[in-house]
Protein chains: 2
Amino acid sequence: MEYLKYHKEHKLKITSNIKLNSSNLHKYYTPGVADPCQFIKNNLNEVYNYTWKANTIAVISDGTRILGLGNIGPLAALPLLEGKALIFNSFANINAIPISISSLDVNSTIELIKNISYSFGGINLEDISNPRCYDILDGLIEKLDIPVFHDDQQGTAVVILASLINALNLVNKNIKDTKIILYGIGAANTAVYRLLKIYGANINNIIAFDSKGAINSKRSDLFSVAILKEIANNTNINNYDIKNSFKDADVLIALSKPGPNTIDIELIKTMNKDAICFVCANPTPEIDPKILKSIGVKIVATGRSDYPNQANNALVFPGLFRGVLDSRASKITWTMCVDLAKTLAELARLDGLNYDYIIPKIDHPKLHFTIAKGIVDAAFKENLNKISDYDLIINNIKKNLIN
Amino acid sequence: MEYLKYHKEHKLKITSNIKLNSSNLHKYYTPGVADPCQFIKNNLNEVYNYTWKANTIAVISDGTRILGLGNIGPLAALPLLEGKALIFNSFANINAIPISISSLDVNSTIELIKNISYSFGGINLEDISNPRCYDILDGLIEKLDIPVFHDDQQGTAVVILASLINALNLVNKNIKDTKIILYGIGAANTAVYRLLKIYGANINNIIAFDSKGAINSKRSDLFSVAILKEIANNTNINNYDIKNSFKDADVLIALSKPGPNTIDIELIKTMNKDAICFVCANPTPEIDPKILKSIGVKIVATGRSDYPNQANNALVFPGLFRGVLDSRASKITWTMCVDLAKTLAELARLDGLNYDYIIPKIDHPKLHFTIAKGIVDAAFKENLNKISDYDLIINNIKKNLIN
């Protein structure tokens with residue numbers, strides 16, 4: 001509990017720049033406030049101009065899978081939501097409101113979030129257990145007219161794909177010919193699968209693992225979850241076992257259980273030349289990165305800040321929401337995520353890649369602006385931006401990120 | 001729309017007093033944030049010490065009855081919620097979050113609010129249509145372990161009762177012998193009825209009016225709403241019509257439709273000597289206060305700031321939530337509201353009462369502290385305070401109200 005003390009003082013606070021008193025109260029409260037109410041009633045989009053919705057998101061969890069702590073409930077989830085809100089506030093000048101909700105079934109959760117969405121310009125879902133989180137995210141993307149993002153799915157997947165793009169570039173391999181292992185097919189790796197498919201990977205040449213081993217089309221126990229059914233039916237068409245899966249594999253993307261011995265090192269030794277291993281479990285990578293390097297793995301990434309190549313979704317979410325809020329994007333689609341991964345990869349590439357630098361660091365001075373601009377470009381490409389003045393959007397992003 | 005321009009700039013903003021950067025991120029976000037999460041999981045009450053819940057409330061409406069504008073929906077309700085949040089912030093240093101929700105049936109609304117209540121130390125309901133608001137408030141008071149307040153019910157009723165206590169004092173009448181007309185039996189006057197009953201009024205000697213006239217026990221159309229059924233069965237036992245109701249009435253409490261001719265002035269002329277008339281419709285009182293005075297009504301109160309005796313619920317809610325948050329009161333009961341009305345009445349009495357001063361003004365220097373301390377005392381009386389150190393609570397109130 002060495003970090004408990006840092007959370008004793010309240011991290012967030014609401015402030016106002018209006019000095020309210022008895023002589024101006026009538027302007028900001030009744031009767032004056034009836035004017036913007038009436039105006040918005042007749043012009044619903046004006047809610048973005050006359051309320052803080054334009055710069056406010058909800059950070060929502062039901063407490064069902066908080067960090068590595070499991071289902072700890074909505075009260076215990078609050079510090080995490082506040083921590084996330086603090087990052088949004090500090091790095092992207094966004095009002096982020098921690099909202100803990102009861103754990104309900106998928107449809108009830110979607111309805112609940114829909115029923116409270118009006119006050120917010122976007123929804124950031126946080127640490128919701130899988131497989132519930134897949135349908136909750138998809139359902140909300142479909143039903144809401146504000147952007148919805150689940151960091152553990154899209155956020156992590158964008159960073160992983162960006163890292164992979166640069167790693168493949170360094171070892172001169174083409175995504176189409178790459179044999180990829182997705183080790184641990186939870187929220188993050190199902191999203192990585194979706195991005196890989198859009199990015200052009202040969203999905204037949206992907207092998208996904210869950211706790212029962214390599215997944216294939218015989219795994220009917222997975223068929224009740226749409227995305228897992230798709231993965232079971234389309235990956236690992238050779239029905240490889242674990243040995244044949246790792247043999248000559250080019251890429252390992254492990255987002256599974258903390259190590260250091262989650263995966264047998266002997267399997268890694270059978271991987272292809274110029275192997276790429278992302279071992280992203282926190283707090284301890286699935287295999288010790290030093291051991292991976294010592295047996296010749298060319299490029300290693302982890303989730304930790306004390307190793308090179310930190311695949312941290314905090315790279316993405318502050319700038320992403322800055323961009324979707326300022327362009328008023330109605331959705332964050334999976335194709336937008338792929339475009340964003342390319343943008344993120346390019347930022348590191350412009351700095352000059354090497355085996356220990358395939359992904360920008362969290363304090364890269366251009367990071368949040370690049371991400372924000374990248375998601376705006378992606379939204380424009382799909383015509384999902386409700387604000388059409390590109391220069392205005394970019395200026396707003398700059399203004400907000402400087403403050 | 002003369003006030004629209006004041007709402008163009010965002011009124012509220014979230015700020016942080018932590019300068020977040022890549023070197024302290026691990027303390028406030030993962031992995032450090034796991035410590036308070038785990039700690040709260042094992043000690044649920046510690047959520048008040050390690051998150052902003054202790055000083056944060058939700059200001060919730062479903063948009064069904066916003067100001068005098070009717071059912072304008074959750075988006076158009078947002079400016080009102082922000083205005084209210086601004087008052088909480090400015091006068092009582094409370095983080096108040098505007099939350100607009102879908103309009104649902106009573107039980108679904110209760111469930112929805114319960115399902116999002118974890119992040120908040122209290123709930124302020126705002127402009128929900130009646131009769132739904134009665135059961136929503138009662139249901140939430142019963143089901144939540146945080147205080148729930150509906151300004152249009154408890155807030156207005158506290159101010160009205162406080163005004164009445166002082167008005168009766170000035171004209172030397174006893175509440176027990178007072179014939180009272182409640183004109184317009186909506187959210188406010190049903191709550192006034194509840195407080196009058198607890199305060200000791202003879203409820204048989206109250207006559208309530210709705211749009212169909214004086215209510216009595218034959219009005220079975222009202223029986224589906226518990227509080228209206230109680231009022232129909234217990235007031236107006238003489239089955240007075242409108243003429244006999246006003247004849248010799250001591251007090252008129254009108255919380256009905258904007259005037260200036262909502263009530264026939266000839267009826268007022270038949271009221272008892274030293275008549276007291278509260279004509280609180282906004283923006284225009286039911287009858288012009290000047291006319292009331294000209295025909296000899298002794299004491300007049302309105303909802304407006306440009307007449308004497310403004311019965312404004314903004315007198316109550318900022319200090320009330322300051323007090324319930326700092327004492328961590330689990331409920332705001334109707335008896336606590338009566339105690340608070342007595343406290344509010346006393347504050348004006350200490351200044352010296354006269355016909356034009358029966359209730360403190362919104363900028364009375366002792367107002368918010370007096371209300372906060374008053375509700376703390378009331379909570380202690382009913383053993384509803386979860387913090388037992390009275391001096392600590394009073395000090396916290398002082399600190400928060402000074403900022």
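In which hand does helix 14 of chain A pass helix 16 of chain A? The crossing of these two helices is right-handed, where right-handed means that the near helix is turned clockwise from the far one by less than a right angle, and left-handed means anticlockwise. Before going further, a word on the numbers: this is a predicted model, in which local features need pLDDT of at least 70 and side-chain atom pairs count only at pLDDT 80 or more, while totals for chains, interfaces and linings use all residues. Residues are numbered from 1 along each chain as its sequence is written, chains are lettered from A and ligands numbered from 1 in the order in which they are written, and side-chain values use heavy atoms, leaving out hydrogens and water.

Two packed helices are described by the angle between their axes and the distance between the axes. Here axes are lines fitted to C-alpha atoms, for helices over the stretch in contact, and angles run from 0 to 180 degrees between N-to-C directions. Helices themselves are DSSP runs (H or I, at least four residues), as are strands (E, at least two), and both are numbered from the N terminus. For helix 14 of chain A and helix 16 (residues 367-381) of chain A, the angle is about 45° and the axes are 7 Å apart. The two helices are therefore oblique to each other; on this scale, angles under 35 degrees count as roughly parallel, over 145 as roughly antiparallel, 65 to 115 as roughly perpendicular and the rest as oblique. On the helix 14 side of chain A, the residues that meet helix 16 include A:Leu320, A:Arg322 and A:Val324, and among their partners in helix 16 of chain A are A:Ile371, A:Ile375 and A:Ala379. Contact means heavy atoms within 4.5 Å. By class, this contact of helix 14 with helix 16 of chain A has 8 nonpolar, 4 polar and 1 charged residues, with Ala, Val, Leu, Ile, Met, Phe, Trp, Tyr, Cys and Pro counted as nonpolar, Asp, Glu, Lys and Arg as charged, and the others, Gly among them, as polar.

Helix 9 of chain A has two packing partners to look at. With helix 7 (residues 132-143) of chain A, helix 9 (residues 187-199) of chain A makes an angle of about 50°, and the axes are 10 Å apart. That makes helix 7 of chain A oblique to helix 9 of chain A, and their crossing is right-handed. A:Cys133, A:Tyr134 and A:Asp138 from helix 7 of chain A meet A:Ala187, A:Thr190 and A:Arg194 from helix 9 of chain A. These residues divide into 3 nonpolar, 1 polar and 2 charged. With helix 15 (residues 334-351) of chain A, the axis of helix 9 of chain A comes within 9 Å and crosses at roughly 80°. That puts helix 9 of chain A roughly perpendicular to helix 15 of chain A. Among the residues in this contact are A:Arg194 and A:Leu195 in helix 9 of chain A and A:Trp334 and A:Lys342 in helix 15 of chain A; the contact has 7 nonpolar, 1 polar and 2 charged residues. Helix 15 of chain A also holds A:Thr343, which touches A:Thr370 and A:Gly374, not counting residues up to four places away in sequence.

Most residues other than glycine have a negative phi, and most peptide bonds are trans. A:Arg328, though not a glycine, has a positive phi of about 50° and lies in the loop between helix 14 (317-327) and helix 15 of chain A. At 15% relative accessibility, A:Arg328 counts as buried; the cut-offs are under 20% relative accessible area for buried, over 50% for exposed and partly exposed in between (1.4 Å probe, protein chains only). B:Asn172 has a positive phi too, near 60°, but at 74% relative accessibility B:Asn172 counts as exposed. The peptide bond from A:Gly259 to A:Pro260 is cis, with omega near 20°, and a cis bond also joins B:Thr30 and B:Pro31, with omega about 5°.

As for the two chains, chain B can be laid on chain A with an RMSD of 0.0 Å by a turn of 180° and a shift of 0.0 Å along the axis. That is the relation of a two-fold axis. The superposition is by least squares on the C-alpha atoms of residues with pLDDT of at least 70 in both copies.
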